[in-house]
Amino acid sequence: MVCGGFTCSKNSLCVLNLLYILVSLLLIGIAAWGKTFGLVTSFSVVAGVIGVGIFLFLIALIGLLGAIKHHQVLLFFYMIILFLVFVVQFSISCASLALNENQQNHFLEVGWNKSVETREDVEGYLNCCGFNEVNINETCKVILGVWLTHRYRNQKDPRANPSAFL
């Protein structure tokens with residue numbers, strides 16, 4: 001039987017919404033875990049991430065119930081909400097692309113300077129000392145990691161056929 005009918009669309013929509021539910025539970029769980037273990041002390045950041053997780057969970061639940069029950073009203077509202085989320089994401093993406101590098105750095109620095117509590121958490125956890133400061137030890141580790149990854153990726157497998165191309 002060819003996939004393309006109602007059953008395939010229904011199953012695809014159910015799988016997609018189950019994936020959304022898993023992502024939303026991960027968002028909620030990781031935010032709560034970060035707050036519990038003191039990795040993030042800013043309540044507004046944790047509340048925002050948990051709020052996004054709950055919103056995604058509810059939307060995915062509406063889509064899952066609409067797909068399973070073939071409920072036209074739920075599917076209509078699910079479609080409208082997803083369209084609105086798409087419009088918001090698209091407008092934020094366009095606004096981000098419209099900014100040049102200097103404007104991006106300016107906005108990032110303004111946000112960095114406004115959130116004192118989060119800034120102190122990030123500086124303590126990542127062992128850095130400011131917005132424009134570079135920790136040479138961490139930079140060297142990153143460069144070493146990139147170099148090792150590039151070198152390992154381009155090596156031939158010793159168990160492979162020696163006359164094979166890579």
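Is His70 buried, partly exposed or exposed? His70 is partly exposed, at a relative accessible area of 39%. Here buried means under 20% relative accessible area, exposed means over 50%, and partly exposed lies in between (1.4 Å probe, protein chains only).

This is a predicted model: local features need pLDDT of at least 70, side-chain atom pairs count only at pLDDT 80 or more, and totals for chains, interfaces and linings use all residues. Residues are numbered from 1 along each chain as its sequence is written, and side-chain values use heavy atoms, with hydrogens and water left out.

**Stop 1: the whole chain**

Show the cartoon. The protein has 6 helices and 0 strands. Along the sequence the pattern reads α-α-α-α-α-α. Helices (H or I, at least four residues) and strands (E, at least two) are DSSP runs, numbered from the N terminus.

Switch to the surface. The protein exposes about 13,000 Å², and carbon and sulfur atoms supply 70% of that. Accessible areas come from the Shrake-Rupley method with a 1.4 Å probe; for residues, only the protein chains shown count as cover. Of the 166 residues, 11% count as buried. Among contacts with a separation of 6 or more, 52% join residues 24 or more positions apart. Contact means heavy atoms within 4.5 Å.

**Stop 2: His70**

Select His70. This residue sits in the loop between helix 2 and helix 3. Check its backbone: phi is positive, about 55 degrees, although His70 is not a glycine.

**Stop 3: helix 1**

Select Asn17, in helix 1 (residues 6-36). Asn17 counts as buried because its relative accessibility is 0%. Which residues does Asn17 touch, not counting those up to four places away in sequence? They are Ala60, Gly63, Leu64 and Tyr78.

Now pick Leu19, also found in helix 1. Leu19 has 49% relative accessibility, so it counts as partly exposed. Draw a C-alpha to C-alpha line from Leu19 to Ala60: it spans 8.6 Å, for residues 41 apart in sequence.

**Stop 4: Gly38**

Move to the loop between helix 1 and helix 2, the place of Gly38. Gly38 is partly exposed, at 44% relative accessibility.

**Stop 5: the largest pocket**

Select Tyr20, Val52, Phe55, Leu56, Ile59, Leu82, Val85, Phe86 and Gln89, which line the largest pocket. Helix 2 (43-69) and helix 3 are the elements that give two or more residues to this lining. The space inside is about 220 Å³.

On a 1 Å grid over the protein atoms alone, a pocket is an open set of points where a 1.4 Å probe fits, with protein on both sides within 12 Å along at least five of seven lines; lining residues have an atom within 4 Å of a point. The volume is the space filled by probe spheres set on the points.

**Stop 6: the nonpolar patch**

Finish with Val73, Phe76, Phe77, Met79, Ile80, Phe83, Leu84, Phe86, Val87 and Phe90. They form a nonpolar surface patch, with about 980 Å² of accessible area together. Patch residues have over 30% relative accessible area and no salt bridge; nonpolar side chains (Val, Leu, Ile, Met, Phe, Trp, Tyr) are joined within 5 Å, like charges within 9 Å. A salt bridge is a side-chain nitrogen of Lys or Arg within 4 Å of a carboxyl oxygen of Asp or Glu.

Zoom in on Phe76, in helix 3 (residues 72-98). Phe76 is partly exposed, at 44%.
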